Amino acid sequence: MHGIETVLLILESVLLVATIVLLLYSLKEGRGRKKLLLEVGKATKILTRQEYFLTVTDSMMEAEVEVIGFITGRPPVGDDRKRVRSIMDNVERLAKRGVKVKYLVPKLHDRLHIGYLYTKAGAEVRYSNCAIANDVRYMVTDDKLVVVGIPESTGETEATRKGYGIPSESLAKILKDHFSRCWEEGITYEEYLKEIIRQTGVTPKLLGKELQIDEKELACLGKDQSG
């Protein structure tokens with residue numbers, strides 16, 4: 001009798017161990033699936049963002065008269081540095097051809113770096129408090145081609161994840177009217193820099209390091225302020 005109980009106890013222990021092993025394997029497999037899904041989602045975001053930038057650069061290449069853009073102006077990190085460099089190259093080419101390029105950026109001091117880069121490339125940049133950059137960003141080429149960028153969630157700090165190219169003169173007119181109103185209310189890159197220098201009182205060296213802007217340029221603006 002005791003022998004049977006011992007056998008049953010051993011079998012019960014074996015089954016318990018097997019169950020635990022299966023549970024651990026199942027949990028591990030579940031974590032693996034979750035990790036895979038996260039990686040797939042991450043890859044999808046990268047591809048859709050890359051597609052958005054390609055749409056932007058393609059539409060810029062078609063410009064003959066004017067390009068206007070309402071952008072977030074977020075400081076570029078990672079792969080975005082290459083994308084911003086590509087846009088700067090396009091701005092330089094357009095400027096040489098006499099095509100006007102204008103960008104409106106949210107009035108946030110960390111957006112001065114993009115203003116510095118695009119201004120140096122030949123674009124006109126102004127800073128505005130218009131709130132539309134929270135939930136949609138756009139670019140209009142020659143009053144007929146629109147590129148609309150959509151963030152993953154609402155917020156000025158959210159990166160644009162998806163973009164759509166829309167050949168529509170009607171939509172282009174609506175967005176250009178909005179752009180023009182904000183443009184008139186906005187201040188230039190240089191004016192905003194002077195405003196930040198005046199408000200903060202920091203040295204050109206410290207501000208240049210924080211915003212990744214040429215210290216000499218900031219020093220000149222600081223002299224203008226003191227004068």
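Student: Is Cys-130 buried or exposed?

Tutor: Let's start with the cut-off: a residue under 20% relative accessible area is called buried. In this predicted model, Cys-130 has 13% relative accessibility, so Cys-130 counts as buried.

Student: And what about Cys-182, buried or exposed?

Tutor: The cut-off of 20% applies here too. Cys-182 comes out at 2% relative accessibility, so Cys-182 counts as buried.

Student: Which residue forms a disulfide with Cys-130?

Tutor: Good thing to ask! Two cysteine sulfur atoms within 2.5 Å make a disulfide. The sulfur atom of Cys-130 lies 2.0 Å from that of its partner, and that partner is Cys-182.

Student: Is the disulfide of Cys-130 and Cys-182 left-handed or right-handed?

Tutor: Look at the torsion about the S-S bond, which is about -110 degrees. Because of that value, the disulfide is left-handed.

Student: In which sense do E2 and E3 pair, parallel or antiparallel?

Tutor: Strand E2 (residues 100-106) and E3 share five bridges, and Pro-106 has Ser-128 in E3 as its bridge partner. Together with helix H3 (residues 112-121), the two strands make a right-handed β-α-β unit. The sense of the E2 and E3 pairing is parallel.

Conventions: Residues are numbered from 1 along each chain as its sequence is written. This is a predicted model: local features need pLDDT of at least 70, side-chain atom pairs count only at pLDDT 80 or more; totals for chains, interfaces and linings use all residues. Side-chain values use heavy atoms; hydrogens and water are left out. Buried means under 20% relative accessible area, exposed over 50%, partly exposed in between (1.4 Å probe, protein chains only). Two strands pair if DSSP finds at least two bridges between them. Helices (H or I, at least four residues) and strands (E, at least two) are DSSP runs, numbered from the N terminus. A crossover is right-handed if, with the strands pointing away from the viewer, the path from the first strand over the helix to the second runs clockwise.
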